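Please open the structure in your viewer and keep the selection tool at hand. The stops below can be taken in order.

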Amino acid sequence: MKRILVLVFFAILSCTKLFAQSDELQLAKQYYANGEHEKALTIYQKLYKQDNDTYYNSYVAALMSLKKFDEAEIATKKIMRKHPNAAEYTITLGSIYIQRGDTEKANALYNGLIKSLPADQNVIASLAAQFYQGTNADFAIKTFQQGRKLLHNDDLFTYELITLYRFKRNKPELTEEYLNILPKNPLFLSQAENTFSTLFEGEADYDMLRIALLKRIQKDPQQTVFVNLLTWQFLQQKDFGQALNQALALSRRTNSDGSDIYDLCRTLIANEAYDEAIRGYEYLISMGKDQPLYADARIELINTKNLKVTAGKYVQNDLVDLEKNYIDLIAEFGRNNTTASAMQKLANLQTFKLHKLNEAQKILEDAINITEIRPNLRAACKLDLGDIYLLNNQPWEATLLYSQVEKEYPNTAIGQDAKFRNAKFAYYTGDFTWAKGQLDVLKAATSQLIANDALNLSLLIADNIAVDTSGKALQMYAHADLQIFAEQQDKAIKILDSINIKYPNNALSDDILMAKARIAIQQKNFADAAADLKKIVAEHPTDLWADDAVFMLGDIYENQLTDKEQAKNYYQKIITDYGGSLFINEARKRFRKLRGDKTDGL
């Protein structure tokens, strides 16, 4: 019984001691967090004397924070003698030397650890991890490199080294690691591309990658993954011709079905490299009618030619040739699910460029009635057909179609588009009160473009109805706006010029300038557009279209008039003068890009 009581007494004593240590530890941590390092050290020193192993790390950290390096060294050497095989204490001693300014002594310790490594993968990985946790990535790298030598395997530790080289921003070594792993693990290609796009900062980096890839291809021309990465590299440098050449050469060599070329053409179109995309589609067509992508390539070839023509200056014959290409295509393949998208494109060409409303109407009516057409494409065709009805003096048929799509696709992007078109229909036809009610709902649309357009149109209506409750001047402006939408620019200009004559006290001066700028942009007269937009900025700096005009000027100078400095100034003006603008995030991104900032973080 006495023996039991003694054991209980010592157990209670031990627990009491542990609780006391716990309280002291919490107090020390609180002192340390508050920056009272001397007070923290006093407690840690006391606890360390009671239990070296448990409180060593806290004690030494407190010593280091107070630059008491000699005492930290003594404590570390003491525990090293106690645990001679624990590399973590040697690494800590090296950290003490580094902070004391004795880097050579620290390096000698670290090199000694690496030199004494056994040929054991787990031990090697453990030491490297300890170096990395001690914020010494360089020796973590050296550890893995030594491990490869010891284990006679250059494929080991690849993922770890990739992580370390990326952390160190060591682009050449990172590149080599990826090029080593890709032949055996081609699925890592996307990861490599994402890493390079994040880390690389300019032409020199991509040139380095290109040279490394060409060496690999010369050494092992059968490795298609290198060619794919080289194609990607040319795309990053916007050398679209070379990108396509590489992809075509690979496609011919591997006798592929052309799907890689088809995907590349989409990327080329997104970058407005229309000539290269056309060449890619022509290659797919040349593969023969029995190939699975033949029909798609035929359709996309004409669509790309359409984009190329309408993106630049064109003459009537260009449009007529495009129309004939579409008609011949539809005649060859028939009016079916395969050609439905081409039918939609032809109808848009005829509506807005050739102004053949009846022909366009018939084509879209046929497209909607195709049994196998994709639901979203049918909805898009319905909306386009509604636009044609509106322009072809069939307003009620137009609003009926818009309402059908809105009802069929509630709370979706296409449903919101339908609602916006219905609101614009009311605006065009002078029902401003109903239009404004719909637009106010759309200001919360998930589509930023629709939300922005809805906000602007709602404010336009509100501002002008407040000045002129009859809305007569606004009705004329809305009619001009409809002609701009129809790309009947001469008619629109005539109406716009008449507004001030008929209603001299209207509040539409900035709106008229914006409308004329939009017409000039449609006609590719970017200098004229810039002149009108500058008038808005100068004469109406706080009105509805001010921030739109500033942002549009930046875009025109950046992408059309090739004056990057002017573009940068206008983007900066959005940031400094229009902090509440919906364009501010895009303006900030473009400004930083033009300034040469690296916007993607590691």
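## Cysteines

Select Cys381: this residue is buried, with a relative accessible area of 0%. The model you are looking at is predicted. Next select Cys265, which also counts as buried, at 0% relative accessibility. A disulfide is a covalent bond between the sulfur atoms of two cysteines. How many disulfides does the structure have? With sulfur atoms required to lie within 2.5 Å of each other, the count comes to zero.

## Asn303

Move to helix 17, which covers residues 294-311, and select Asn303 within this helix. Is Asn303 buried or exposed? Its relative accessible area is 6%, so Asn303 is buried. Now display the side chain of Tyr326 as well: the side chains of Asn303 and Tyr326 make a polar contact at 2.6 Å.

## Salt bridges

The structure holds 30 salt bridges. Three of them are visited here, starting with Arg148 and Glu177, whose closest N and O atoms are 2.9 Å apart. This pair links distant parts of the chain, 29 residues apart: Arg148 sits in helix 8 (residues 137-151) and Glu177 in helix 10 (residues 171-181). Both of these residues are buried.

Go on to helix 23 (residues 413-428), where Arg421 and Asp417 are four residues apart and therefore separated by about one helical turn. Their side chains meet in a salt bridge, with 3.2 Å from N to O. Colour the two by accessibility: Arg421 is buried at a relative accessible area of 19%, while Asp417 is partly exposed at 21%. The two values fall on either side of the 20% cut-off for buried.

The last stop is helix 32 (residues 584-595). Select Glu586 and Lys589, which are three residues apart in this helix and so are separated by about one helical turn. Salt bridges that share partners join Glu586 and Lys589 with Asp555, Glu558 and Arg590 into one network. Show the side chains of Glu586 and Lys589 to find their salt bridge, 3.4 Å from N to O. Glu586 counts as partly exposed, at 28% relative accessibility, and Lys589 is partly exposed too, with a relative accessible area of 48%. To finish, select Asp555, Glu558 and Arg590 together with this pair to see the members of the network at once.

Key. Residues are numbered from 1 along each chain as its sequence is written. This is a predicted model: local features need pLDDT of at least 70, side-chain atom pairs count only at pLDDT 80 or more; totals for chains, interfaces and linings use all residues. Side-chain values use heavy atoms; hydrogens and water are left out. Helices (H or I, at least four residues) and strands (E, at least two) are DSSP runs, numbered from the N terminus. Buried means under 20% relative accessible area, exposed over 50%, partly exposed in between (1.4 Å probe, protein chains only). A polar contact is a pair of N or O atoms within 3.5 Å; within protein, one must be able to donate a hydrogen and the other to accept it, and residues adjacent in sequence count only if both atoms are side-chain atoms. A salt bridge is a side-chain nitrogen of Lys or Arg within 4 Å of a carboxyl oxygen of Asp or Glu.
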